[in-house]
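Please keep the sequence and the 3D view open while reading.

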Amino acid sequence: CPAVYRIHEKPSQDKTDTLKAMLSPLGYSILQADHGSLQRVLSQAKGRPEAAAVSMMVLRSMMKARYSTENLGHFGIAADYYCHFTSPIRRYPDLVVHRMLRAALTKRPQRFDQEVAALPWIGEHSSDMERVADEAARESQELKMVEYLANHVGESFPAVVSGVASYGIYARLECTAEGFLPMRALGREYFAFDAARHVLTGEETGRTFRLGQRLPVTLVRAEPATRKLELKPAEGRDLRGLR
């Protein structure tokens, strides 16, 4: 029976190698990106400060799920065959599956061949529209979070480093909002960036900032127009204890 499958391919070798390099400084190791290895990492991280960061690393190592007429299985839920079959008002691919099943169980409609021929385009278009909808949802959530935090500028919060780059640090607050600490907020010393391990190291003090690290922060600026939060290390804290 022709259909539109929900497929989720296994992580590529490049994504797997990147995940290994990011997890290694945190004390986690995986031999390969299979279900057992990834589940063990998530279980080990549960309850630890870096749990949210580890979960995000694993999620980002995954391929993007999409719709296709070619059944490639669903790695995320370890299913050989998977298609949405919930309610046609939720996803157009659901409606397509309903139509194909009805055609298989009853007399095929006059336009069946045309509908089958359109399935590849339907899968691609549905995948594109899903990405548009996800992006819109993410942006609206970020906007509301920044609007809320705009009333708390100057306050300090516990946070965990969620991203490290050559130009600064991203930190995730307990409310799930993510903000940015530019290099100027870390002090006057030069910080060397280890791209493979995602670590910043101060050349003078040896201070390090790495994924999953606890980092108390102060909210410096909240800009709803750009959905951005600017942070800095909280004052009155001994940052040397963050090594």
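## Terms and basis

A residue is called buried when its relative accessible area is under 20%, exposed when over 50%, and partly exposed in between, using a 1.4 Å probe and protein chains only. The model is predicted: local features need pLDDT of at least 70, side-chain atom pairs count only at pLDDT 80 or more, and totals for chains, interfaces and linings use all residues. Residues are numbered from 1 along each chain as its sequence is written, and side-chain values use heavy atoms, with hydrogens and water left out.

## Nonpolar cores

A nonpolar core is a set of buried Ala, Val, Leu, Ile, Met, Phe, Trp, Tyr and Cys residues joined through side-chain atoms within 4.5 Å. The largest one has 37 residues. Val54, Met57, Leu181 and Val217 have the most contacts inside it. Elements that each supply at least two residues of this core include helix H1 (13-23), helix H6 (119-149) and strand E10 (217-223). Helices (H or I, at least four residues) and strands (E, at least two) are DSSP runs, numbered from the N terminus. H3 gives the most to this core, with four residues.

Val54 touches Leu23, Leu26, Tyr28, Val41, Leu42 and Ala45, not counting residues up to four places away in sequence. Contact here means heavy atoms within 4.5 Å. A second, separate core has eight residues, among them Val96, Met100, Ala103 and Phe112.

## Salt bridges

Side chains of opposite charge can pair when their charged atoms come close. A salt bridge needs a side-chain nitrogen of Lys or Arg within 4 Å of a carboxyl oxygen of Asp or Glu. The count comes to 14. In one of them, Glu142 pairs with Arg227, with the closest N and O atoms 3.2 Å apart. This pair links distant parts of the chain: Glu142 is in helix H6, Arg227 is in the loop between E10 and E11, and they are 85 residues apart.

Arg221 bridges to Glu230, with the closest N and O atoms 2.3 Å apart. Glu230 counts as buried because its relative accessibility is 17%. Arg221, at 37%, counts as partly exposed. Lys232 bridges to Glu235 at 3.1 Å between the closest N and O atoms. Glu235 is exposed at 63%.

## A buried arginine

Which side chain of opposite charge is nearest to Arg210? It is Asp194, 8.0 Å away. Arg210 is buried yet has no salt bridge. For charge, Lys and Arg count as positive and Asp and Glu as negative; His and the chain ends are not counted. Arg210 lies in strand E9 (residues 208-210). Leaving aside neighbours within four places in sequence, its contacts include Pro25, Leu26, Val161 and Arg197.
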